[in-house]
Amino acid sequence: MIVLRALGPVEVSVNGRAAPPELLWRKNLALLVYLARSPRRARTRDHLVGLFWGDKPESSARHSLREAIRVLRQAGDEQAIETDADQVRLADAALTTDVEAFERHANAGEWSAAAALAVGDFLEGFGLADAPAFEDWLAAERLAIRRRMVDALVQSAETLQRSGDARAAGDRARRALVLDPLSDPAA
């Protein structure tokens with residue numbers, strides 16, 4: 001199983017060990033993250049080719065996608081990536097992410113658990129300069145997740161404040177302000 005920590009600087013492990021170097025190559029890692037955040041963890045081949053290799057000739061771009069899929073399969077197992085003529089899908093059991101855990105806790109109103117995972121921006125310091133469509137998606141995803149993390153930190157701070165733990169509440173509010181210095185609720 002692949003474990004992806006995407007809140008803050010990216011960390012990846014496979015079956016409890018360091019990820020293979022090929023998996024950490026920027027486009028391979030970006031493909032893994034993008035599939036993990038996609039609806040039903042699936043996208044069409046054409047969409048992925050355009051997103052990651054839009055500047056390459058069609059045959060080169062499709063070859064690059066096949067190679068990235070090969071790397072993801074080797075890192076997880078043969079069932080990690082399901083493909084057919086049109087679609088690429090990341091198997092549900094192939095990957096766990098801190099973003100999914102954060103969202104589960106936040107959706108359940110488990111503010112303390114959500115706040116514990118809100119440690120930094122989504123894919124902090126990561127980018128693909130040669131894939132502008134991916135960069136656009138990444139910017140939008142970062143903003144949405146950042147807003148959700150700020151909300152969870154503020155909710156957790158309010159809960160702590162009500163229980164009389166002003167020090168911990170202040171810490172959570174300060175962490176929210178680091179993520180969004182203009183947040184009125186955090187201030």
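Tutor: Let us begin with contacts, where contact means heavy atoms within 4.5 Å. Among contacts in this chain between residues at least 6 apart in sequence, 58% join residues at least 24 apart. The model is a predicted one, in which local features need pLDDT of at least 70 and side-chain atom pairs count only at pLDDT 80 or more, while totals for chains, interfaces and linings use all residues. Residues are numbered from 1 along each chain as its sequence is written, and side-chain values use heavy atoms, with hydrogens and water left out.

Student: How many helices and strands does the chain have?

Tutor: Helices (H or I, at least four residues) and strands (E, at least two) are DSSP runs, numbered from the N terminus. The chain has seven helices and seven strands. Read along the sequence, they follow the pattern β-β-β-α-β-α-α-β-β-β-α-α-α-α. The C-alpha trace spans about 60 × 30 × 25 Å along its principal axes.

Student: What share of the residues is buried?

Tutor: Buried means under 20% relative accessible area, exposed over 50%, and partly exposed in between, with a 1.4 Å probe and protein chains only. Of the 187 residues in the chain, 44% are buried.

Student: Which residues touch the most other members of the largest nonpolar core?

Tutor: A nonpolar core is a set of buried Ala, Val, Leu, Ile, Met, Phe, Trp, Tyr and Cys residues joined through side-chain atoms within 4.5 Å. The largest one here has 59 residues, and Leu23, Phe52, Phe122 and Phe134 touch the most other members. Helix 6 (residues 132–162) gives the most to this core, with nine residues. As for Phe52, leaving aside its neighbours within four places in sequence, its contacts are Lys27, Ala30, Leu31, Tyr34, Leu128, Ala131 and Phe134.

Student: Which residues of helix 2 are buried, and what covers them?

Tutor: In helix 2 (residues 45–53), the buried residues are Arg45, Leu48, Val49, Leu51, Phe52 and Trp53. Their cover includes helix 1, strand 4, helix 3, strand 5 (81–83), strand 6 (87–90) and helix 6.

Student: How should I describe a pair of packed helices?

Tutor: Two packed helices are described by the angle between their axes and the distance between the axes. Axes are lines fitted to C-alpha atoms, for helices over the stretch in contact, and angles run from 0 to 180 degrees between N-to-C directions. Angles under 35 degrees count as roughly parallel, over 145 as roughly antiparallel, 65 to 115 as roughly perpendicular and the rest as oblique. The axes of helix 1 and helix 6 come within 12 Å and cross at roughly 55 degrees, so these two helices are oblique to each other. The contact is made by Ala30, Val33, Tyr34 and Arg37 of helix 1 and Phe134, Trp137, Glu141 and Ile145 of helix 6. Counting Ala, Val, Leu, Ile, Met, Phe, Trp, Tyr, Cys and Pro as nonpolar, Asp, Glu, Lys and Arg as charged, and the others, Gly among them, as polar, this contact has six nonpolar, no polar and two charged residues.

Student: How are helix 6 and helix 7 oriented to each other?

Tutor: Their axes come within 8 Å and cross at roughly 165 degrees; helix 6 and helix 7 (residues 166–179) are therefore roughly antiparallel. Among the residues that meet are Met149, Leu153 and Ser156 in helix 6 and Ala169, Arg172 and Ala176 in helix 7. The residues of this contact divide into twelve nonpolar, two polar and three charged.

Student: Is Ser156 buried or exposed?

Tutor: Ser156 lies in helix 6 and is buried, with a relative accessible area of 3%. Apart from neighbours within four places in sequence, Ser156 is in contact with Trp111, Ser112, Ala115 and Arg172.
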